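Trainee: I'd like to learn how to read a fold like this one. Can we go through it together, feature by feature?

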Amino acid sequence: MKCVCLLTVLLCLAVDHAMAGRYSREANEDKPSSDGTNKAIEFRIAKLNQVWEKSLRMQLSPVRLSELHSDLKIQEKDELQWKKIKAEGLDENGEKEAQLRRNFNVILTKYGMDGKRDTRPLESNSLKDHDHEIKDGDTFDDPRLDKLWNKAKSSGKFSSEELLSLKREFQHHRDKINEYNIVMDTVSRTEEIHKNVITPLEGEGKEHVLHQKHSDLKLKMRDLNQGFERLRKLSHEGFTEDSEFREPRVIELWEAARRANLTDDELESLKEELRHFETKVEKHSHYQEQLELSHQKLLHVEALGDQDHIKRNQDKYNTLSEKAREMGYKMKKHMQDLHNKISSQGLKHNEL
């Protein structure tokens, strides 16, 4: 019996040491590589570095890598912030920790690193056509979206430029559907785990966390329904001349703000901020397009074998890649802040 108890204590100590080590300075310092040089550490949290290194081995497309880097930076910021909150004795019911774990699982699933077979279409390094032309075979992996898009495309109500804008909105809505499905799958798996380990003492706290997860899913579903209704209206009526914004993510934020019971002054102030944000989104899209073009050129030059030419193109590609990552993080951080601002202001007004 004493041996069993001793073994249990040793196992607990080993787990605690491993968890502490994940965030220790040693775990996150530059490590010497096989050639004896120090390997640069992208993130201050070891598990995020592991994800990043795996993504490099998977050879994701440049734009996909840039998006992942931004998502991991946001995750890193949130996790470091949570560590401070936990140290102050807050997050007693573990709600914030559960949210962080769910966000991390969403990232893994989104980029095909969750160990499950990825059934989504494979990424290719070829240039995307959606910013340049409209193809007859466009599909959005959703029958309702495909039907609506084909009707809009053949209606004759849209110019080529308007069709491109409309297509971006359809693609954004498709991405939101994919994200919702990932979150729903992640929540379901988390619930199964909790059912197996829950104890009577934990019951009340876990119930609160699960209730919050289902509330989040309901809000996402409501947003999806409202987004589809907007697409349906746009497809039938076309764009109006007084449309405030062009970018789908900005339009989505503006629609949420208009539903949030804000005053006219607050809406006007937010509209100005959203205009600045839209400029940031457009600039980021431009850099992503340039990054993809640079990658195509680099592949072509590498095939020719001119080392000087390769180095020049590699340097340009590295610069664009760094710029796209930096702008991607700033854009996603700004979007997160705007979401929080709109939600908190709407809540504040509803409580009055």
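Trainee: Let's start with salt bridges. Which side chains meet K330 in a salt bridge?

Mentor: The general idea is that side chains of opposite charge can pair when their charged atoms come close. Bear in mind that we're looking at a predicted model. Here the partner of K330 is E326, with 3.2 Å from N to O.

Trainee: Which residues do salt bridges with shared partners join into one network?

Mentor: That network takes in E244, E268, K271, E272 and R275. Across the whole structure, a search turns up 26 salt bridges.

Trainee: How far apart in the chain are the partners K47 and E79?

Mentor: They're 32 residues apart, with K47 in helix α3 (residues 46–58) and E79 in helix α4, so this pair links distant parts of the chain. Their side chains meet at 3.0 Å, N to O. K47 counts as buried because its relative accessibility is 16%, under the 20% cut-off. E79 is buried as well, at 3%.

Trainee: And D223: which residue does it form a salt bridge with?

Mentor: R259, with 3.9 Å between the closest N and O atoms. D223 belongs to helix α8 while R259 is in the loop between α9 (248–258) and α10 (264–304), so the pair ties together parts 36 residues apart in sequence. D223 counts as partly exposed at 27% relative accessibility, and R259 is partly exposed at 42%.

Trainee: You mentioned α4. How do I check a helix like that?

Mentor: Compare its end-to-end reach with the expected span. Helix α4 (residues 62–87) has 26 residues and reaches 38 Å from first C-alpha to last, close to the 38 Å expected at 1.5 Å a residue. Just after α4, G89 takes a positive phi of about 80°.

Trainee: Now the inside. How many residues has the largest nonpolar core?

Mentor: In soluble globular proteins, nonpolar side chains tend to be buried together. The largest such core here has 20 residues, and L145, W149, L166 and F170 have the most contacts inside it. Helices α6 (143–154), α7 (160–197) and α8 (203–237) each supply at least two of its residues. The most comes from α7, with 8 residues.

Trainee: What does L145 touch, leaving out residues up to four places away in sequence?

Mentor: L145 touches F140, F170, H173, R174, I177, F228 and L231. Apart from this core lies another, of 17 residues, including V250, L267, V281 and M335.

Trainee: Last one: pockets. Which residues lie nearest the centre of the second largest pocket?

Mentor: Rolling a probe the size of a water molecule over the atoms shows where empty space is left. In the second largest pocket, R230, L234, I251, E255 and R258 lie nearest the centre, out of 27 lining residues. The space in there is about 730 Å³.

Trainee: Which helix gives the most to that lining?

Mentor: That's α8, with 9 residues. Helices α7, α8 and α9 each supply at least two residues of the lining.

Definitions and conventions
Residues are numbered from 1 along each chain as its sequence is written. This is a predicted model: local features need pLDDT of at least 70, side-chain atom pairs count only at pLDDT 80 or more; totals for chains, interfaces and linings use all residues. Side-chain values use heavy atoms; hydrogens and water are left out. A nonpolar core is a set of buried Ala, Val, Leu, Ile, Met, Phe, Trp, Tyr and Cys residues joined through side-chain atoms within 4.5 Å. Buried means under 20% relative accessible area, exposed over 50%, partly exposed in between (1.4 Å probe, protein chains only). Helices (H or I, at least four residues) and strands (E, at least two) are DSSP runs, numbered from the N terminus. Contact means heavy atoms within 4.5 Å. The expected span of a helix is 1.5 Å times one less than its number of residues. A salt bridge is a side-chain nitrogen of Lys or Arg within 4 Å of a carboxyl oxygen of Asp or Glu. On a 1 Å grid over the protein atoms alone, a cavity is a set of points where a 1.4 Å probe fits but cannot get out, and a pocket is an open set with protein on both sides within 12 Å along at least five of seven lines; lining residues have an atom within 4 Å of a point. Grid points are joined across faces, edges and corners, and a volume is the space filled by probe spheres set on the points.
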